[in-house]
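Student: I would like to go through this model by question and answer. Can we start once it is on screen?

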Amino acid sequence: MPDPAPFRALLGPAGWREGADAAGFTRDWLDRYGAAPLGVALPRDTGQVAAVMRLCAEQGLAVTPQGGNTGLNGGAVLSAGAQGIILSLARMTRILAIDPVEYTVTVEAGVVLAALHEALGEQGLTLPLHLGSEGSARIGGLIATNAGGSHAMAHGMMEAQVLGLEAVLPDGRVWDGLRALIKDNAGYQLRRLFCGAEGTLGVITRAVLRTRPAPVAQATALLTLPDLAAAVQAGAFLRRRTGEFLSALEFFPELGLALLLRHVPLPRPVETRGPVYLLVELATSIPGMGLEELLEAALADLLEEGSVTDGVVAATGAQRAAIWQLREELPEGQRREGAQIKHDVAVPVGRLPEFVARAGAAAADILPGVRVNPFGHLGDGNVHFNLSPPEGRADFGGLAGALSDAVYDLAVDCGGTFSAEHGLGQSKIALADRLRPGAERDMMRAIRHALDPEGRMNPDKLV
Ligand SMILES: Cc1cc2nc3c(=O)[nH]c(=O)nc-3n(C[C@H](O)[C@H](O)[C@H](O)COP(=O)(O)OP(=O)(O)OC[C@H]3O[C@@H](n4cnc5c(N)ncnc54)[C@H](O)[C@@H]3O)c2cc1C
């Protein structure tokens, strides 16, 4: 019989919660998943994490690590039927060292991304990872899901920022891989293995991350385009014309903007309406680079050749923020519209128009009138292919499964993936079993079993 007493004794009242006191930790962000844990452990350092893991090993308990609990696939809460604890990193929030010579920062895994941005900003540094959940998401969760966001095109996903890691293994041993090295080829890249492992291999407790000089200037534009193919061409053109300054390329359709403006009163920055909008941003850490002129000259060429029908370059910081707000609030607009189905997929950038057209047609065949809101990261092919029911209807009439299967199958058929940046958690596990190549699944199972032979780390997630 699981016994909470040793956890209470080890962690004290600040570090162990049960019953109603654990309520804020037990359901996922979208309130779709969550089972009651024995309790929630809130260790304050690596030593306590290791001790908690040993207690769980002794009692045969499952362990679900939790960061900010902003994951969108139910990965950070217990699955139904699992008997175990949630191990929250919420009390391990120290920024241990910022090194302006190595361009690194060493943090505990519970540091919230926005807090890290603020601390780095004070030193003229940045971690080039930006996402809508950065006010709550924690470094350990961002590593464990290998988060992407809007600047992955220029700087890679979270894995590209991780130099070293410390993690506690399922049996309670501490792996000290906290090295601040770019070149570290001593065998398997274990630090990378933990990126995207979603808490199935151990608990990330500390990390050394790469930093970069913070941008001192940005130029941001919102463009109207005749279709997605034109947006892809414009993106390729802007890469050539603006080189290493291009830091973000985000797209969204008129439907997404219209849904947002229906529910959230925001101004339209460009007068000419879609069908497609492209957010373009250039950034530099070098003063006086003339980014606005560079962007305006490139846009003038695009307007002249007709691949862009309208555009506005932000003249002030407030205008820049207003443009980004439209992009970042798109999910909120769709959420307020009512029922929705989200799909986080990616295809090669050049095949985005084909994918969106084919998936849109397939969805309309299954449910005529279904509203398709594909938006996302044009620079890396990651599209959030989200659906709302036909206007005036409250739900998908039992067709959600068929709609999702069609979307995921087409993403794979277009050379892409059924999971781009949000990870698998519990919601995509059956899908992964269906669409993942057999050899890939076998390797993942073998890795998981090797590190966690008892299968206690975040069971029913990922594989
Ligand atoms: C509004 C909104 C916008 C978002 N935008 C983006 C986006 O643009 N790009 C993107 O990639 N994601 C996005 N997400 C998804 C989510 O924010 C990311 O997946 C994020 O990385 C999760 O971090 P977290 O700390 O909340 O992790 P959690 O949700 O707490 O956990 C996620 C997974 O990581 C595991 N985990 C957590 N901490 C640890 C640890 N210390 N050691 C081992 N495993 C751990 C958990 O067990 C779980 O499997 C968004 C979410 C929201 C709500």
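Student: Which residue forms a salt bridge with Arg-371?

Tutor: First, this is a predicted model: local features need pLDDT of at least 70, side-chain atom pairs count only at pLDDT 80 or more, and totals for chains, interfaces and linings use all residues. Residues are numbered from 1 along each chain as its sequence is written, and side-chain values use heavy atoms, with hydrogens and water left out. A salt bridge here is a side-chain nitrogen of Lys or Arg within 4 Å of a carboxyl oxygen of Asp or Glu. With closest N and O atoms 2.8 Å apart, the partner of Arg-371 is Glu-337.

Student: How many salt bridges are there between domain 3 and domain 4?

Tutor: Domain bounds come from an automatic or database domain assignment. They place domain 3 at 217-337 and domain 4 at 344-422. Between domain 3 and domain 4, the salt bridges number two.

Student: Which element gives the largest share of the side of domain 3 that touches domain 4?

Tutor: Helices (H or I, at least four residues) and strands (E, at least two) are DSSP runs, numbered from the N terminus. Helix H8 (228-242), strand S13 (246-253), H9 and helix H11 (317-337) each supply at least two residues of that side. The largest share, six residues, comes from H8.

Student: What area is buried between domain 3 and domain 4?

Tutor: Buried area is the accessible area (1.4 Å probe) that two parts lose on being put together, summed over both. Carbon and sulfur atoms give 61% of the area between domain 3 and domain 4. The total is about 1,600 Å².

Student: Is Glu-198 buried or exposed?

Tutor: Glu-198 sits in the loop between helix H7 (190-193) and strand S10 (203-210). Its phi is near 55°, a positive value in a residue other than glycine. Buried means under 20% relative accessible area, exposed over 50%, partly exposed in between (1.4 Å probe, protein chains only). At 11% relative accessibility, Glu-198 is buried.

Student: What is omega for the peptide bond from Gly-274 to Pro-275?

Tutor: Most peptide bonds are trans. Pro-275 lies in the loop between helix H9 (254-263) and strand S14 (276-284). The bond from Gly-274 to Pro-275 is cis, with omega near 25°.
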